[in-house]
There are 2 protein chains.
Amino acid sequence: MASVTCTAPVNIAVIKYWGKRDTELILPTNDSLSVTLSQDILHSKTSISAQAEFDQDRLWLNGKEEDITKNKRMHNCFRETRALRRAMEEQDGSLPKLSTFGVHVCSENNFPTAAGLASSASGLAALVFALAQLYKLPIDMSDLSRIARQGSGSACRSLFGGFVAWETGKEDDGSDSRAVQIAPDTHWPELEALVCVVSDKKKGTSSTSGMQQTIESSPLMQERLRVVPGRMAAMTQAILDRDFPAFAELTMQDSNQFHSVCLDTYPPIFYLNDTSRGIIQLIHAYNKLHGGYKAAYTFDAGPNAVIYAPKENMKEIIQLIHHYFPAGQDTPRDVYFSDPYQVFQDDAASFDQPPAVNPEVIPIYPGGSVSRLLHTKVHDGPRVLAESDSLLTAEGLPKRTV
Amino acid sequence: MASVTCTAPVNIAVIKYWGKRDTELILPTNDSLSVTLSQDILHSKTSISAQAEFDQDRLWLNGKEEDITKNKRMHNCFRETRALRRAMEEQDGSLPKLSTFGVHVCSENNFPTAAGLASSASGLAALVFALAQLYKLPIDMSDLSRIARQGSGSACRSLFGGFVAWETGKEDDGSDSRAVQIAPDTHWPELEALVCVVSDKKKGTSSTSGMQQTIESSPLMQERLRVVPGRMAAMTQAILDRDFPAFAELTMQDSNQFHSVCLDTYPPIFYLNDTSRGIIQLIHAYNKLHGGYKAAYTFDAGPNAVIYAPKENMKEIIQLIHHYFPAGQDTPRDVYFSDPYQVFQDDAASFDQPPAVNPEVIPIYPGGSVSRLLHTKVHDGPRVLAESDSLLTAEGLPKRTV
């Protein structure tokens, strides 16, 4: 019997991945670049147990058993890691034949799905990292990222901390489409992030189908593909130079361009709502007030904002959100801080008054438009936890189900 | 003394004008194509009086005197038409020397500015058309459109009824940048329009400054400039063929692309709000339900929707808007019909139940999200009215001021 428990972080792209050139192998149409956020606030945790007695693979996701045979993307990750383990076992007959054992997988996110934060990247990264630990695969993280990529494209970037590029690669078999670390989290410790969870009743288009609709129908996407290589180079340099103004401008421009090609898709795809647009206008007004770059927003395939800013501006930014996007009257809002970790309720008394930011342009939004705030930072990649942290019992069954 | 009163219509583009290659002469970066809406519902009305005793030009807009010397765009139109009149007077000494008289101009829109409908196109078209009548200029409408263009770009298209192209032209002096009629309103009488006035608290970016920000900062705009010529040709053919499916698809794609390049502008420009997006989703759901094209939306530089559809679908479309975008509880909504002209209050009893349109995707919006509905049709160009319709007294002063 072998067992391992790992966590993997969420990553938020600043140069966006949108579109596949190969939907089977998950090969993207353009390079992308992301920032890894602290696992103290957001992570997926996965425990895996392999036992000779397990006659089949089983999977529990957030406390509920799922049919693992129907999850093709997970299956890809099992197949690839098992093949590598089998090759090791064939080389060295003394190794336990783990590749022939059934596995039980139990995985949880420490953030509710209702928060609208994508969990597939951290979830698949945690799975692949845990399988690599379980099987004691001697491969490096970039190699492992090619396997995670086949589970969920952006999962490849969650195998690293800090600043991470996913290189689309040139090969048809995807062998050079992998993640590489541009810089570790310690390179730029001043950079922090505020996740604003935006309430939205409408169900968005899934990113998997949305991105292929864009590739098939957006004329403007062709120009985006010509624009991204220059942005990747400029963003990499901005990160290496810890140049926040350059980082901020590129981040906002690329978020906007991603949502532009969604709108140019036919029928159009919308992820931003009026609250998202209000946050965009607030950040531009805030920057303009100071005649420079104090903060940058980015939005993935949903209405939630991630605001990147130097640590010294973060208090002011939380005050601004508190003022222009107040908590609901009857639904107080949780504010999470990662460093040091704390959670408190956002109410009128929590913050000082914000600075005046062009009140003519920015109205005060209805209470509860932003339902949750998570203050976090750039942090490390997947972690191996102690046996005592396992989600599985010694018998390989979940300690907790719903 | 000479006096004339004219009206000019509103036009709504289906291939959008956005960006100038010459901001002085108002020369666009791409061709555009519009549909002229009935003046029975929406028009600008302008009266002009020229008298030897007037020692200066004076202007009243919607009942309020404005400083005409500060209105550079109007000034261009006066200068151009006066120069043409002067040349005529020099050729024929018997003509009254109207070019040396001061003029009084009084202009009103029959739709409130609060409705958020652009009034500069119809306003400048009415002015230039009235000046041409006053001065008895022997020029054709396409020539006149070059003058109106210098007042407000899209005003050139309001000099024609029916379906109108604005050709960007190649000459630096703008001599070939003018409007031409693709087809008169009688060509496709089945085509009608429903204007949905969308409530919005936010002040939008003016189109004059917005379009130049796009030209300067949107990388995707370069691709749009490559896309438009093909769309112009396809749209012209769709109109000539009265091919509603082709017309509808191109109209929606071009509206979306225009708003895409606004979003790719830096800082981004937003005109669509959540209600606009809801109307877009409703129209796609309605078309999908019928497996074809029943209606097409387009949005200018604001949140208001214009829905084009064959006459036979219009009742159903009004029912759909009535159902999914109900009138406010305490603010009943006016519905205007052009043919025959009538206005009535929209309340629950006004309409039958709408067809079921994918209720999972389309929520019912808060009451009052759409504040006014105008049901109108494709119609004719500027009209000359009787002396009794003048907005000016015999002394050349407004009959009504505010």
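Tutor: Let us begin with the interface, bearing in mind that the model is predicted. The area buried between chain A and chain B is about 2,900 Å², and carbon and sulfur atoms give 61% of it.

Student: What makes a residue part of the contact between the chains, and how many residues does each chain give?

Tutor: Contact requires heavy atoms within 4.5 Å. The contact takes 34 residues from chain A and 34 residues from chain B.

Student: Why is the pairing of B:R226 with A:E223 called a salt bridge?

Tutor: The side chains of B:R226 and A:E223 meet at 2.7 Å, N to O. The cut-off for a Lys or Arg side-chain nitrogen and an Asp or Glu carboxyl oxygen is 4 Å, so the pair qualifies. Across the interface of chain A and chain B, the rule finds two salt bridges. The count of residue pairs in polar contact between these chains is twelve.

Student: Which elements give two or more residues to the side of chain A that touches chain B?

Tutor: They are α5 (220-240), α6 (244-264) and α7 (274-290) of chain A. The largest share, ten residues, comes from α6(A). By class, this side of chain A has 16 nonpolar, nine polar and nine charged residues.

Student: Why is A:I26 called buried?

Tutor: A:I26 has 1% relative accessibility, and buried means under 20%, so the label applies. A:I26 lies in the loop between β3 (20-22) and β4 (27-28) of chain A. Phi of A:I26 is near 55°, a positive value in a residue other than glycine.

Student: Why is A:N62 called partly exposed?

Tutor: The relative accessible area of A:N62 is 32%; that value falls between the limits of 20% and 50%, and therefore A:N62 is partly exposed. A:N62 is placed in the loop between β7 (58-61) and β8 (64-66) of chain A, and its phi is near 50°, again positive in a residue other than glycine.

Student: What is the peptide bond from A:Y266 to A:P267, cis or trans?

Tutor: The bond from A:Y266 to A:P267 is cis, with omega near -10°. A:P267 is in the loop between α6 and α7 of chain A. In chain B, the bond from B:Y266 to B:P267 is cis, with omega near -10°. Most peptide bonds are trans.

Student: Which residues touch the most other members of the largest nonpolar core?

Tutor: Of its 97 residues, they are A:I48, A:L127, A:L134, B:I48, B:L127 and B:L134. Leaving aside neighbours within four places in sequence, B:L134 is in contact with residues including B:V4, B:I48 and B:L98.

Definitions and conventions:
Residues are numbered from 1 along each chain as its sequence is written. Chains are lettered from A and ligands numbered from 1 in the order in which they are written. This is a predicted model: local features need pLDDT of at least 70, side-chain atom pairs count only at pLDDT 80 or more; totals for chains, interfaces and linings use all residues. Side-chain values use heavy atoms; hydrogens and water are left out. Buried area is the accessible area (1.4 Å probe) that two parts lose on being put together, summed over both. A polar contact is a pair of N or O atoms within 3.5 Å; within protein, one must be able to donate a hydrogen and the other to accept it, and residues adjacent in sequence count only if both atoms are side-chain atoms. Helices (H or I, at least four residues) and strands (E, at least two) are DSSP runs, numbered from the N terminus. Ala, Val, Leu, Ile, Met, Phe, Trp, Tyr, Cys and Pro count as nonpolar, Asp, Glu, Lys and Arg as charged, and the others, Gly among them, as polar. A nonpolar core is a set of buried Ala, Val, Leu, Ile, Met, Phe, Trp, Tyr and Cys residues joined through side-chain atoms within 4.5 Å. Buried means under 20% relative accessible area, exposed over 50%, partly exposed in between (1.4 Å probe, protein chains only).
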